Amino acid sequence: MHCLIRNGQVLTGGQVKKSDILIEDEKIKEVDENIDYPADEIIDAKDKLVIPGGVDVHTHMNLDLGKYVSIDDFYSGSLAASYGGTTTIVDHIGALEKGASLKKMIDHYHDLADGRAVIDYSFHGALYEVSDELIDEIAGLYRDEGVVSVKIYTTYSGKLDDDEILRVLKKAKETGTVVCVHCENDKSIEELRKEAKEQGNLDPIYHAKTRPPATEAEAINRLAYLSELAGYPKLYIVHTSTKEGLEEIKLARKRGVKNLYCETCTQYLTLDESYYYKDGNAEGIKYIMAPPLRKTEDIEALWQGIIDGDVDVIATDHCPFYYGRDKSPYKDNFLDCPGGGPGVEERMEVVISEGLKRNIPLAKLIDLLSYNPAKIFGMGHIKGQIKEGFDADIVILANNPYTISQENRHSNCDYTSYEGFVSNYKVHTVISRGELILTNGKYSAKEGRGKFIYRKF
Ligand SMILES: [Zn+2]
C-alpha cells in the first residue's frame, strides 16, 4: 500500500518547504521535492501545512480517583486526540490498591487501552508509595514492559516524601528511566485550604489563591536539588505553570543540574485566572485543576521560555469530568470539586495558532508538540518527525480559521476549556501509522487500531 502526499508545505528537518511524502504501509518511505510514484492513494496538500502528528505525553484516561473517574476512556479520549491532530499519547496511570505492583498497574492499563485506542499509545509507570519491591520493579518496567518513565507526586494522597523521592531518583539514574514529577508543596497548600475553609473563601478563585506560585516553585527547587543528590537522573517537571517555577528550572540548569526537562500545558499558555470568575463562579468551576490557571505574567513568561528554549514540551494534562454532573455542584465550594479538564483535542490547533501569532516559527512549536516529547520519552526513533523510516503519523492543516466550540468537539466531556477560541488552522487530514483516519471531516479510524508503543532509548 502506497500513499503519496503532494505539494504540501512540509515541516521536515527543521524547515518548512514544499515537498512530497511517499508512505509505504506504516512508514514514511521518502520525503523529496518531487516524487513520481504510482501510489494507491494521492493526497493533494497544496496550500496546506504538513506536520508530524502530535505527541501528547500527559493524559489521564479512565483515571480512577475513587469518587470520580475521568470520563474519557482510551477510545473516546484517543478519538478526540486524533481529531485534533495528535497521533500518539502517553498516559499517566492511576493508583490501584495499596501494595499493587507496577506490573499489575501496567497490566490493568493494558486492559483499559488495548483494543480500544484509535491511535498509538503508551503509559508512564507511577509510584504512589515506595517499597524495596516497587523500586526494584522500575528496572523491570524499563526492560520488559517498554515503560521507560515513571510518575511521582509531591502532593495528593499518593505523594512521596523526600527520602522516597531520592530512592526513586537514584534507581532511575541507574536504569535510565525518566522520572516525571508533579511539583507542589503539599503541606502549605493543605494549610492554605484549611484557612480558606475557615474563612468561607470557597469561590473557584480561591483554588488559585490556595496554590500560589511559591508552592510550585519550592517543589521544583527541591526536586532539582534531590536530582543533584541522585547524580542527575532524567527529571521531567510536568505542567510547569508559573514564572517562578520556570525560574527555578532555569536557575537549576545554570548551576549544573543536567537532564532536567520542563513541560507546560496549553491551558497555562492561554487561559488566565480571570476564568475562575466567569459567570459568577458557574463557569469558573470548570477550570479547577492543579496547578491552577495563573496570571497573564505567568503566561507571558512561559511563552518567553518557549522562545528561549527553556520549555521542552507542551502537553495537556487531559483529565475531563462532566461539568453538569461532576463539577457544577461545587461552584460554591471548590474544595470538593474533582480536579482536571479536557484539552487533548485542542492542543495542536490552539498552540500552533497562538504560537504563530506570536511569531514563533512553526518548527519550534512542533519541537514542543511532537519532536521533543517523542525523543525525551523513548519514541524518538519512530515518532515526532516527518523523516524516512519513521512511522507515517502525519497531519495536514488547512489555513481555515474556525471557532472552537463544544459543538465541534469529540471527547465525552460536555464542555471545552477553549470555547470561543478562534483557531487560524484546522486539522484537515490525519494519517496514523500509514492509515488515513481523517480527511476533510470524514473519520474512519476503527476502535482498537492503535498500538501500544514499546518505548526505548
Ligand atoms: Zn496530570
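## Contacts along the chain

Among contacts (heavy atoms within 4.5 Å) with a separation of 6 or more, 76% join residues 24 or more positions apart. This is a predicted model, where local features need pLDDT of at least 70, side-chain atom pairs count only at pLDDT 80 or more, and totals for chains, interfaces and linings use all residues. Residues are numbered from 1 along each chain as its sequence is written, and side-chain values use heavy atoms, with hydrogens and water left out.

## Overall build

The chain holds 13 helices and 19 strands. These are DSSP runs, numbered from the N terminus: helices are H or I with at least four residues, strands E with at least two.

The C-alpha trace spans about 70 × 50 × 40 Å along its principal axes. Of the 457 residues, 61% are buried (under 20% relative accessible area, with exposed over 50% and partly exposed in between; 1.4 Å probe, protein chains only).

## Zinc site

Three residues coordinate the zinc ion: H58 through NE2, H60 through NE2 and D317 through OD. The distances run from 2.0 to 2.1 Å. Donors here are N, O and S atoms within 2.8 Å of the metal (3.2 Å for Na, K and Ca); water is not among the atoms, so sites may look incomplete.

Along the chain, the donors follow the spacing H-x1-H-x256-D. H58 is buried, at 0% relative accessible area. H60 is buried too, at 4%.

## Charges

The chain carries 56 positive and 75 negative side chains. Lys and Arg count as positive, Asp and Glu as negative; His and the chain ends are not counted. The centres of the two sets lie 2 Å apart, with each charge placed at NZ of Lys, CZ of Arg, CG of Asp or CD of Glu.
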